[in-house]
Amino acid sequence: WVFAGASLLGAVLGLGLHHLKKLTIGQYVLLDMSILIAPFIAVYFKNIFVIIPLMMLSIGFWRFRRIIYQEHLLKKYETTYKATMISAMEMSENISTLWVPILTTTAIGALGVFNGFGAIAVAIGVLLLPYSYFVRRVFK
């Protein structure tokens with residue numbers, strides 16, 4: 001029921017997608033990373049009543065998160081190679097589907113579930129700074 005609820009939540013949140021398009025790229029990156037890191041922090045603190053809603057929010061947000069990045073990308077780079085740019089973005093996202101599960105299961109296997117998720121939250125927090133800087137530089 002968590003995934004079904006997340007899907008419904010994502011559909012409802014999608015109705016307000018036009019509001020997210022008004023955010024600057026820096027603001028959107030901060031929102032995106034905050035939603036990504038929140039469930040990991042919640043698992044570390046072992047509160048199921050916080051974990052479930054944050055997981056649902058994260059999964060629901062995942063449905064449309066790349067749309068805003070694509071919007072900023074296509075506005076910034078007026079080019080005839082728009083399809084190539086979106087394909088490159090999709091390919092880099094697909095590459096992440098390879099290493100993220102390996103990293104996650106390794107952290108959980110080595111540290112346990114709660115500490116593993118805590119370590120992942122710290123890693124995401126550390127990576128947020130260079131990622132935010134890079135995205136801002138690209139979209140300047």
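# Structure briefing

Leaving aside neighbours within four places in sequence, L57 is in contact with L9, L13 and I35, where contact means heavy atoms within 4.5 Å. The structure is a predicted model, in which local features need pLDDT of at least 70 and side-chain atom pairs count only at pLDDT 80 or more, whereas totals for chains, interfaces and linings use all residues. Residues are numbered from 1 along each chain as its sequence is written, and side-chain values use heavy atoms, with hydrogens and water left out. The chain has seven helices and zero strands; helices (H or I, at least four residues) and strands (E, at least two) are DSSP runs, numbered from the N terminus.

**The chain as a whole**

- Along the sequence, the elements follow the pattern α-α-α-α-α-α-α.
- Taken along the principal axes, the box filled by the C-alpha atoms is roughly 50 × 30 × 25 Å.
- Of the 140 residues in the chain, 32% are buried; buried means under 20% relative accessible area, exposed over 50%, and partly exposed in between (1.4 Å probe, protein chains only).
- When contacts between residues at least 6 apart in sequence are considered, 72% of them join residues at least 24 apart.
- The chain carries 12 positive and 5 negative charges, whose mean positions are 6 Å apart. Lys and Arg count as positive and Asp and Glu as negative, while His and the chain ends are not counted; each charge is placed at NZ of Lys, CZ of Arg, CG of Asp or CD of Glu.

**Nonpolar cores**

- The largest nonpolar core has 17 residues, of which L20, I25, Y28, V29, F61 and Y69 touch the most other members. Such a core is a set of buried Ala, Val, Leu, Ile, Met, Phe, Trp, Tyr and Cys residues joined through side-chain atoms within 4.5 Å.
- Two or more residues of this core come from each of α2 (17–20), α3 (25–44), α5 (65–76), α6 (82–111) and α7 (113–138). The largest share, five residues, belongs to α3.
- Apart from this core lies another, of 10 residues, which includes I37, F40, F117 and I124.
- In soluble globular proteins, nonpolar side chains tend to be buried together.

- Helix α5 has 12 residues and spans 18 Å from its first C-alpha to its last, close to the expected 16 Å at 1.5 Å a residue. The expected span is 1.5 Å times one less than the number of residues in the helix.
- R65, I68, Y69, Q70, H72 and L73 are buried in α5. The buried residues of this helix pack against α2, α3, α4 (48–62), α6 and α7.
- Not counting residues up to four places away in sequence, Y69 touches I25, Y28, V29, D32, M89, Y131 and F139.
- Y77 lies in the loop between α5 and α6 and is partly exposed, with a relative accessible area of 32%.
- With residues up to four places away in sequence not counted, Y77 touches K82, M85 and V138. Y77 and V138 are 61 residues apart along the chain, and their C-alpha atoms are separated by 10.0 Å.

- V43 is located in helix α3 and counts as buried because its relative accessibility is 7%.
- Beyond its neighbours within four places in sequence, V43 is in contact with I51, V113, F114 and F117. Between the C-alpha atoms of V43 and V12, 31 residues apart along the chain, the separation is 25 Å.
- K46 is placed in the loop between α3 and α4 and counts as exposed, at 54% relative accessibility.
- The phi of K46 is near 60 degrees, a positive value in a residue other than glycine. Most residues other than glycine have a negative phi, and most peptide bonds are trans.
- L57 belongs to helix α4 and is partly exposed, at a relative accessible area of 28%. The C-alpha atoms of L57 and G5 are separated by 9.3 Å, although the two residues are 52 residues apart along the chain.
- L129 sits in helix α7 and counts as exposed, since its relative accessibility is 65%.
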